[in-house]
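Please keep the sequence and the coordinates in view while reading.

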Amino acid sequence: MAVPSVSETASSLWGLNRLLRLDARGIESFNLSVDGFWNSFIVAFLTLPFYLIQSMLYFAGTEQDAHWLRFLGLETVGFALGWLVMPTVMITVSRMLGCFDRFYHYMVPYNWFQLVVAAVLLPLSIVQAVGLLPQGLVALLFLLTTSAFIMYGWFIARHGLGVSAGTAVGIILLDLLLSLLVNGGTDALL
């Protein structure tokens, strides 16, 4: 993995902006090559601090038996696995679906979209942890946010892979299932 150039980063952020406006042409703004795929993993390093802060907010708000360092270590492992599992599984899935030629058209925007996820979830987690809003309202905001993420994920899968709407739903369900498995696995180790 190399750090993407300033122009590649700017182009990717522009593409992300277009995708957020539901403009499928935004996909073409990303570096849709092998290098672009590997470069998109810079987002993992950019979002890791957001994720760790969220994890520690969760840890502070619950009664955990684990020491905070063990908790943080397992969360970091789970974060790394989450970044590895989906692309690995999608290699096989995209081959089975006959759209492997568009693998990078899906995975590169998918990875860059994680910036949006991190930028939205961290403030919501802080609002929840500090109690700025009633818990019911925070739960509703999380539900609406998650729904929006699912819709955008569907849009990226549909247009990135060039698959049917139903197949894109299946890919989103697969992504959710993989996330649950990774998170459940790390939680079981606590």
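The model is predicted, so local features need pLDDT of at least 70 and side-chain atom pairs count only at pLDDT 80 or more, whereas totals for chains, interfaces and linings use all residues. Residues are numbered from 1 along each chain as its sequence is written, and side-chain values use heavy atoms, with hydrogens and water left out.

Helix 5 comprises 28 residues and spans 41 Å from its first C-alpha to its last. This is close to the 40 Å expected at 1.5 Å a residue, the expected span being 1.5 Å times one less than the number of residues.

Leu122 lies in helix 5, which covers residues 103-130. Leu122 counts as buried because its relative accessibility is 11%; buried means under 20%, exposed over 50%, and partly exposed in between, with a 1.4 Å probe and protein chains only. Leaving aside residues up to four places away in sequence, Leu122 touches Phe50, Ile53, Gln54 and Leu57, a contact being heavy atoms within 4.5 Å.

Ile126 is also placed in helix 5, but this residue counts as partly exposed because its relative accessibility is 36%.

Key. Helix = DSSP H or I, 4+ residues; strand = E, 2+ residues; numbered from the N terminus.
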